[in-house]
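Here is a quick tour of some side chains worth a look on screen. Have the viewer open while you read.

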Amino acid sequence: MSESRGPTGPDEEHVRPSGVDDTTVEALGALAEALEGVERARGQLYGFHQLTGGADLTLDRAVELLRMGGHAEQADLVEREILGRNVIPGCWTFQIVEAYDDTYYRPFVAVEERVRRELVGGRRHLYEAEMKEARRTHGHPQHTARP
């Protein structure tokens with residue numbers, strides 16, 4: 001939609017409420033950025049979980065091939081010492097993922113949402129929305145305020 005035919009600024013959800021100062025908007029931007037880092041870390045943790053699980057399943061084939069090749073002692077060693085082994089004491093990777101989610105990730109998400117709700121009525125990405133408004137070329141068809 002061209003700005004000459006429609007709204008020229010951000011939608012209501014991306015405009016700071018009256019009385020909210022720059023420091024608060026910047027603080028919420030930093031809090032959101034920290035949560036984005038946690039989201040990325042969580043993705044890495046799930047990657048670790050999937051890669052480790054996949055490697056463990058591949059060991060089945062390695063053990064089978066060692067046995068087929070006449071290397072029963074080495075197959076037994078891999079099967080006994082590595083196949084199904086805990087990655088840290090008492091835990092497989094799914095337990096690490098669950099502990100991270102329960103202990104850190106979910107509480108972080110809940111606190112970030114609460115702070116936004118208490119300070120700006122739950123509005124998201126105010127810092128970025130204001131940056132977009134400041135950086136875009138008004139009137140340019142590829143710099144519109146809204147989708």
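## Starting at a buried ring

F108 is buried, at a relative accessible area of 16% (buried is under 20%, exposed over 50%, and partly exposed in between, with a 1.4 Å probe and protein chains only). Keep in mind that this is a predicted model, where local features need pLDDT of at least 70 and side-chain atom pairs pLDDT 80 or more, while totals for chains, interfaces and linings use all residues. Numbering runs from 1 along each chain as its sequence is written, and side-chain values use heavy atoms, with hydrogens and water left out.

## The aromatic cluster

How many aromatic pairs are there? The count is two, where rings of Phe, Tyr and Trp (its six-membered ring) pair if their centres lie within 6.5 Å, and planes under 30 degrees apart are stacked, over 60 edge-to-face and the rest tilted. One of them is Y100 with Y104, a tilted pair with 5.7 Å between centres and 45° between planes. Both tyrosines, Y100 and Y104, sit in helix α3 (residues 93-120), four residues or about one turn apart; helices here are DSSP runs (H or I, at least four residues), numbered from the N terminus.

Y104 is partly exposed, at 41% relative accessible area. Its ring also pairs with F108: the centres are 5.7 Å apart and the planes meet at 70°, so this pair is edge-to-face. Y104 and F108 are again four residues apart in helix α3, about one helical turn. Put together, Y100, Y104 and F108 make one aromatic cluster.

## An arginine over a ring

Next, look at Y105. R42 lies over the face of this ring, 4.0 Å from its centre (a charge sits over a ring if NZ of Lys or CZ of Arg is within 6 Å of the ring centre and within 35 degrees of the ring normal).

## The loop and helix α4

Most residues other than glycine have a negative phi. H125 has a positive one, near 55°. H125 is found in the loop between α3 and α4 (126-135), and is partly exposed at 39% relative accessibility.

E130 belongs to helix α4 and is partly exposed too, at 28%. Which residues does E130 touch, leaving aside neighbours within four places in sequence? They are R16 and V25, with contact meaning heavy atoms within 4.5 Å. The side chains of E130 and R16 are joined by a polar contact of 2.7 Å (a pair of N or O atoms within 3.5 Å; within protein, one must be able to donate a hydrogen and the other to accept it, and residues adjacent in sequence count only if both atoms are side-chain atoms).

Notes
Helix = DSSP H or I, 4+ residues; strand = E, 2+ residues; numbered from the N terminus.
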